[in-house]
Amino acid sequence: MNCEVCQLKELELEHFEIREVLRCILHTIIFHRALGLVRPKDVDLELFDVTYVQCGEVEVEKKIEEKIEQFICWVEKHPNKKSQICLSFYEVKNKQASWFSNKIERLYWEQWYINLNVAQHLKSHSSKPHRSKFVDPGEGALEDRNARSAALEVSLREVLFQIIKFVNEKKDHVPPIPNLEGAISFPYEITIPRFCFWDGHDQENAPDWASNNAKLIFRFIE
């Protein structure tokens, strides 16, 4: 089976921005692959002037929140690491039965790589009083953070347009829609390995801690 791969633009962000950025990207991808009956819900980000759409499925929201929490915990334990998150869609096929089992095979037909570079927490500025003739170091840091936040907003918009462009151009690989109830037409996985290097090609080399909903794989770059 042909598996299409989309490498999304790398985003440089701070720890407190992880949750909103991942919500935005993951829900946008899933919404565009939810070919069933959806109840679209617009969501405005609090940190950025960006609106995205969720498919209105409670279980999807719950699973994404669980995995984002796990990723945030990992980031706190592994500072200054670039990470690559992969969301994979697949079909389920029954392999030929053996003497001992009837094995089920997952055929991946699409993978999305979300590339993140999470910066360290910014240190708090000194609270000591200063004279007016000196420049307040806090003001300069605030300007830098505002500029960086504006740049991240632009990059996040570019990622959303990249997703939309991909789903509009890449259609031939999408398998026939199975007869499933609900908005989510295709199964997908979220898996968080303890530590693995992932080259984007060899599925067999990645540990498979699979849940029932989506697959997240992190590539750590020194």
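Colleague: What makes E65 partly exposed?

Modeller: The relative accessible area of E65 is 25%, and the label follows because buried means under 20%, exposed means over 50% and partly exposed is anything in between (1.4 Å probe, protein chains only). The model is a predicted one, in which local features need pLDDT of at least 70 and side-chain atom pairs count only at pLDDT 80 or more, while totals for chains, interfaces and linings use all residues. Residues are numbered from 1 along each chain as its sequence is written, and side-chain values use heavy atoms, with hydrogens and water left out.

Colleague: How do you know that R23 and E65 meet in a salt bridge?

Modeller: The N to O distance for R23 and E65 is 2.7 Å, and a salt bridge asks for a side-chain nitrogen of Lys or Arg within 4 Å of a carboxyl oxygen of Asp or Glu, so R23 and E65 qualify. The pair links distant parts of the chain, with R23 in helix 1 (residues 18–32) and E65 in helix 2, 42 residues apart; here helices (H or I, at least four residues) and strands (E, at least two) are DSSP runs, numbered from the N terminus. R23 is also partly exposed, at 25% relative accessibility.

Colleague: Why does K63 count as buried?

Modeller: K63 has a relative accessibility of 17% and therefore counts as buried, whereas its salt-bridge partner E66 is partly exposed at 32%. The closest N and O atoms of K63 and E66 are 3.2 Å apart, and both residues lie in helix 2, three residues apart, about one turn of the helix.

Colleague: Why is the pair of F71 and W74 called stacked?

Modeller: Rings of Phe, Tyr and Trp (its six-membered ring) pair if their centres lie within 6.5 Å, and planes under 30 degrees apart count as stacked, over 60 as edge-to-face and the rest as tilted. The ring centres of F71 and W74 are 6.2 Å apart and their planes stand at 15°, so the pair is stacked. Both residues are in helix 2 (residues 58–77), and both are buried, F71 with a relative accessible area of 0% and W74 at 9%.

Colleague: What makes strand 5 and strand 7 a pair?

Modeller: Two strands pair if DSSP finds at least two bridges between them, and strand 5 and strand 7 (residues 188–189) have two bridges, in the antiparallel sense. F89 stands opposite Y188 in strand 7, and F89 and Y188 also belong to one aromatic cluster with W109 and F186. Strand 5 (residues 82–94) pairs with strand 6 (residues 104–118) as well, in the antiparallel sense over 13 bridges.
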